[in-house]
Amino acid sequence: MTTLDFELEISSGAHHTYPITARAPGGEAAATMRLALTSAELDYHLTVVRDKVLASSAVLRGTPTADERPVRDLGQLLFEALVIDDVRSLYVTSRQRARESDCALRLVLRVRPPELARLPWEFLFDPGQQDYLGLSMPLVRYPEVLAPRQPLRVALPLRILGMVARPGDQRALDVDEEQRRLHTALAGLTREGLVELCWVTGQTYNALQDALDQGPWHVFHFVGHGGYNWDAEEGTLALADDTGRTRRVGADDLSRLLAEHHTLRLVVLNACDTGRSSALDAFSSTAGALVRRWIPAVVAMQFEISDPAAIVFAQTFYESVAKRRPVDDSVMRARRALRLDNNDTLEWGTPVLYLRAPEGRIFDANSPSLPQPRPPQDPISVREVEALYDQALSAFWTERWDQAVVLLQQVLIHRPQHHPDVALKLEQARHQQQLATRYAQACAAAEALDWDDAVTMFTMIIEADSAYRDAAQRLDNARRRHQIAGWHAEARRLHRAGQWAAVVKIGERLRTVDPDAADPDGLVSSARAQLAAAEREEHLASQYRRGLHLLNAGEWEQAIEALKRLDPTYRDTAALLARARRELPDQTPPLPHSPTIAHHPQTARVLRHRKAVNAVVFSPDGRQLATVSADKNARIWDATSGAERLSVTHKGVRFNARGRSPTVRGRAVAFCPHGLWLVTASDDDTARIWDANSGRQLAAFTHDNVVVGAVFSPDGRLLATASEDHTARIWDLGTGRLRVAFDHGSAVVGVVFSPDGRLLATASEDNTARIWNVGSAQQLIKLAHDKPVRGAAFSPDGHRLATASDDETARIWDVNSGQRLTKVSHDKPVRGAVFSPDGRLLATASADHTARIWDVNSGRLRATFTHDSEVVGVAFSPDGRRLATASRGKAALIWVLSGE
């Protein structure tokens, strides 16, 4: 049939726009393709399609109807972006002209931008026709090369060189079946002397090189594993070394070897990812490198492909090629065969055809036409029956059951009386054939972690033949893995329900069965931490109730001693302590207002990082100090000795649409109320929770930009984060899910809970601090500065809020009315502010190289702490006797205020 080409050329553009040129017998058209997807979004769509195609494979049968939706959506998005305006008109006209002329319309794609060349264009979906173009017409990728290759005049037979590579350290492939079907597809042509199929003896690069030297060869067919080397940015084939282990051969080396043989016109790579390329080089795939080196036609796989799909594709493709159909038409027919073989599969879109031969013909069309195979004589001679029986016996005893069944059937048809046992052997062969098929399916189910199917199929095998291979051992393992998977699912369910003790019990049971599976996704460790937190919460509540009882009984000294054992931020502990101390004025701790402290403060400890320290905080018991630095590290120190106890690191950066350079800086740090966890915020767009004892990461929470602030709620159940993506967010630590997000007009750089956890205060570069209701997510108060607000802090009683701003002031506000109560000033921007545990003092950090302590009520300066660089963070110890400061001078300092 005559073919009409509809050629679409996509050129490089800018800002997600690409010029399009369409050419067809009916004329030319031009348009602009707008694809508003970033490189990261293209990567995401490509990953989704890859996963859906693999999930729909013949091995991983399921319910892919819903799974097909993302593939179809991407195909329709690409079609509607590509076939637009005048191009759409020319496309419709070309389809009509092809129908009227009784011609096939072929889509020829010339995709120049490498970031687009790697997309699965085979899934282009025409919503008007409700069909994929890859199934309704030949679809060819025509690379940007200097000149096409003309058809080769060949003297028959057409010589095909096949190679099988299955290194011992790679996943086993059903290559024997693929070889058998390839022989079957070409059997008639082989008997007529029109095709010769030979196989490389060996699996090494040298074996391939030696076989190629025995040419000329016209087709090279490879069966094995492929891949993509992201470091070298090129496709690879998995050949073997002399020891039988994998030796990966890069696309460049392979194409150089094959290109030396000028008679080679077609390369078929029946291996995964051989059509996969990078976003920087369209020719980095194995197929692309071969086309660039003058191979006229290459069929490759852009995704992983299952064994059954690879076998069906190869058989149908070669049967069509053998009938002298163009290679592009043969690929289309093979795609349809895949779809017909398994209507649910999406693997028909995995094969990709790269072509630089005109009209899809790679051999001279003037070669003598192929004669029809001679029909077999019937009945066949006794000698032929005996030969068939010999072959059948050989296949039977070497357990090649498919061949044995076919051959025994032929013997049974022609001369059964010569071999009375043939019917029995045929029944036995069929039985073994069924067992082998079911065994392969069971093993595939186990490999896919589908333990339900694996247990069912291995059980059926054992019931049919209790001694079959290692089915009994595999059944035991499948049952064990099925049980473990069930326990894992129950652990996840119970964890979501907050049933911590039950999750821990499941972990103990898992450890007895498989220690490596004892803590799925860290759920058991998390549950233990939650139990520990609950125990600590109960202990704190009991201590609080005791202190409150003593307070109500007027036992002031005993109440103070009981309440001092609590974190001052626990409920209204600080306010209760202040009340008790007011009843005992002589017991009130001395304020840090002495001239010695104010004018000549002394540091007790200097804690050094390699780069600027951005934040500092004491642990709830005051024994430890946590710091976070621009050197990517957060560290926990002994607050008394200054010894480093623990260090954790934000190691990577998540690239986003802003194309930010890979710089990672720690931004914020905070302890949870029970002191067992530490949270850090960083330039890698995440806040991460760590075990404060082991340093193991427990969870990560992601924003769309740099995370600048992070803090736990007073009850330890929530986490609030602040980000340059203009939002503050609250996360549920029990489920890991986002509960609410608060929007500002600019970057949010600070976040803090009120002592009772009902309110959240945010600080933003939009020159405001805002107070929100955590439960209703409503904004209650908006507080304005003249420049960006860098931090906020609630007083221990929750009635006041302090804000720090680039306008060189810190201000104290009434939380209920929003009225300003006090204002203090520095000589440069104020970077942070925090109340003392008793609420009577305010500490501030400033770019003027000082930290200062102020009287909250009068605004009078009480003490000044001078540094050699900008001060960005301050923190009081829980007992109010020490002050920690974070400095751009690569250090955190601990200052003694009183009592030491």
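Analyst: Two strands count as paired if DSSP finds at least two bridges between them, strands being DSSP runs of E with at least two residues, and helices runs of H or I with at least four, numbered from the N terminus. The model discussed here is predicted, local features need pLDDT of at least 70, side-chain atom pairs count only at pLDDT 80 or more, and totals for chains, interfaces and linings use all residues. Residues are numbered from 1 along each chain as its sequence is written, and side-chain values use heavy atoms, without hydrogens and water.

User: Why is strand E16 described as largely enclosed by the rest of the structure?

Analyst: Buried means under 20% relative accessible area, with a 1.4 Å probe and protein chains only. In E16 (residues 351-355), 5 of the 5 residues are buried, so the strand is largely enclosed. Pro351, Leu353 and Leu355 point one way and Val352 and Tyr354 the other way, all of them buried.

User: What makes a set of residues a nonpolar core, and which residues have the most contacts inside the largest one?

Analyst: Such a core consists of buried Ala, Val, Leu, Ile, Met, Phe, Trp, Tyr and Cys residues joined through side-chain atoms within 4.5 Å. The largest has 77 residues, and Phe6, Leu35, Leu82, Trp121 and Phe317 have the most contacts inside it. A second, separate core of 30 residues includes Leu254, Leu258, Val291 and Val352.

User: Why are H14 and H15 called roughly antiparallel?

Analyst: Axes are lines fitted to C-alpha atoms, for helices over the stretch in contact, with angles from 0 to 180 degrees between N-to-C directions. The axes of H14 (residues 422-447) and H15 (residues 451-464) cross at roughly 155° and come within 8 Å. Angles over 145 degrees count as roughly antiparallel, and H14 and H15 therefore fall in that class. Contact means heavy atoms within 4.5 Å; among the residues making it are Leu435 and Tyr439 of H14 and Met457 and Phe458 of H15.

User: What makes E34 and E37 edge strands?

Analyst: Strand E34 (789-794) and strand E37 (820-825) each pair on one side only. They belong to an open sheet of 4 strands in the order E34-E35-E36-E37, with antiparallel pairing. Between E34 and E35 (residues 800-805) there are 5 bridges, and Gly791 has Ala804 of E35 as its bridge partner.

Terms used: Buried < 20%, exposed > 50% of the residue type's maximum accessible area, 1.4 Å probe, protein only. Parallel < 35°, antiparallel > 145°, perpendicular 65-115°, else oblique.
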